[in-house]
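Please open the model in your viewer and keep the selection tool at hand. The stops below go from the overall division of the chain to the surroundings of the ligand.

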Amino acid sequence: MIELKGIHKVYQKKNTEVQALKGVDLSIDKGDIFGVIGYSGAGKSTLVRLVNYLERPSQGQVIVDGAYLGNQSPHALRQIKKQIGMIFQHFNLLESKTIFKNVAMPLILAKKSKQEIRSRVLELLQFVGLEDKASNYPSELSGGQKQRVGIARALASNPKILLCDEATSALDPQTTQSILSLLQRVNKKYGITIMIITHEMSVIQKICNKVAVMEEGRVIEEGSVLDVFGHPEHETSHKFVQTVMNTDIPSRIKEQLRQQGTHSLTKLEMVGEHATQPILSTLIQRFDLKVSAVFTNMIDIQNTTLAIWYLDIQGDTRNKERALSYLKQNDVLVKEVTV
Ligand SMILES: Nc1ncnc2c1ncn2[C@@H]1O[C@H](COP(=O)(O)OP(=O)(O)OP(=O)(O)O)[C@@H](O)[C@H]1O
């Protein structure tokens, strides 16, 4: 649905150049809720603004729904851009217009009939739960309600893609949760592909199926959210995962283990129904091993459980080898780690 190929973006600032993007390749499939995470200045906003050509790449190709944006006529580009809605951190509502008018604006600009505008706006206000606010003004709404108006306005022209630039960063955790649930409904009910820019891993955890981690203008890691949470390859991704799920053994426990003479542990990673297998009893009873669970953590990612266990497994070496290959055969990811 969205393809970015070899994207570079250079901003000219007086006599200096800022290389905001340094060769980004990204592919977002239809129906994805795709998260892009990174620290401030990583290039996330620049990247998302390229998708609807608010910014043009200095080099590389942006392809949306099969159309290469670089060689479109102004008219064709406008048509493509109509298929892309966008919501913003600070909502960008017209303060002097009512909620009804704010949502209606894309339809008024597209010269739709009054009747069509009325029925579409009322349907959308109902969808976002604001049907009683049609004649209020933005200043009379809470942040979460304003973002709901932003979402309704973005949906007015029936887009195929919704871009969200830090859409929940100005909201409290409870309101964030309700906006994320609404975005999930947008994805499911209208089949809209969603691209979310954020610096909060909890946002990725709650609604994204795929994630790209950005640093200094590059994508440093990309994959399914479960994979990146389970075994982040890059140090920055690891740090983001740690903000929502502690997958590292606390140093206090490591110290205790070293004092006891334990220098290595077996790390198990299990996903979905594999996370609820009777692992410990199998290792103890079937393979005659002595097993202590030193540190464990479980997290729910889009209704799927991800479990990480660190075990101290003692006993006959051959039995341990057989036990570990049994675990691998049962879809448990096994790794020996030093403490
Ligand atoms: N219009 C611009 N002119 C000059 N430099 C820019 C412009 N927009 C962004 N930059 C620079 O490009 C780099 C990437 O910025 P960008 O806003 O894309 O990052 P970001 O990851 O979205 O950060 P943040 O989360 O703080 O918004 C930064 O160094 C920024 O200063």
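The tour begins with how to read the model and then moves from selection to selection. This is a predicted model, in which local features need pLDDT of at least 70 and side-chain atom pairs count only at pLDDT 80 or more, while totals for chains, interfaces and linings use all residues. Residues are numbered from 1 along each chain as its sequence is written.

Select residues 2–242 as domain 1 and 251–338 as domain 2, bounds that come from an automatic or database domain assignment. The C-alpha centres of these two domains lie 40 Å apart. Where they meet, seven residues of domain 1 are in contact with seven of domain 2, contact being C-beta atoms, placed from the backbone, within 7 Å.

Next, select helix α8, residues 225–230, which gives four residues, the largest share of the side of domain 1 that touches domain 2; helices (H or I, at least four residues) and strands (E, at least two) are DSSP runs, numbered from the N terminus. That side of domain 1 has three nonpolar, four polar and no charged residues, with Asp, Glu, Lys and Arg counted as charged, Ala, Val, Leu, Ile, Met, Phe, Trp, Tyr, Cys and Pro as nonpolar, and the others, Gly among them, as polar.

Finally, turn to the ligand, which has 13 residues around it, with Tyr 11, Ala 20, Ser 40, Ser 45 and Thr 46 coming nearest; a residue is near if its C-beta atom, placed from the backbone, lies within 6 Å. Select β1 (2–13), β2 (16–28) and α1 (44–51), each of which supplies at least two residues of this shell, the largest share, three residues, coming from α1.

Note on methods: Contact = placed C-beta atoms within 7 Å.
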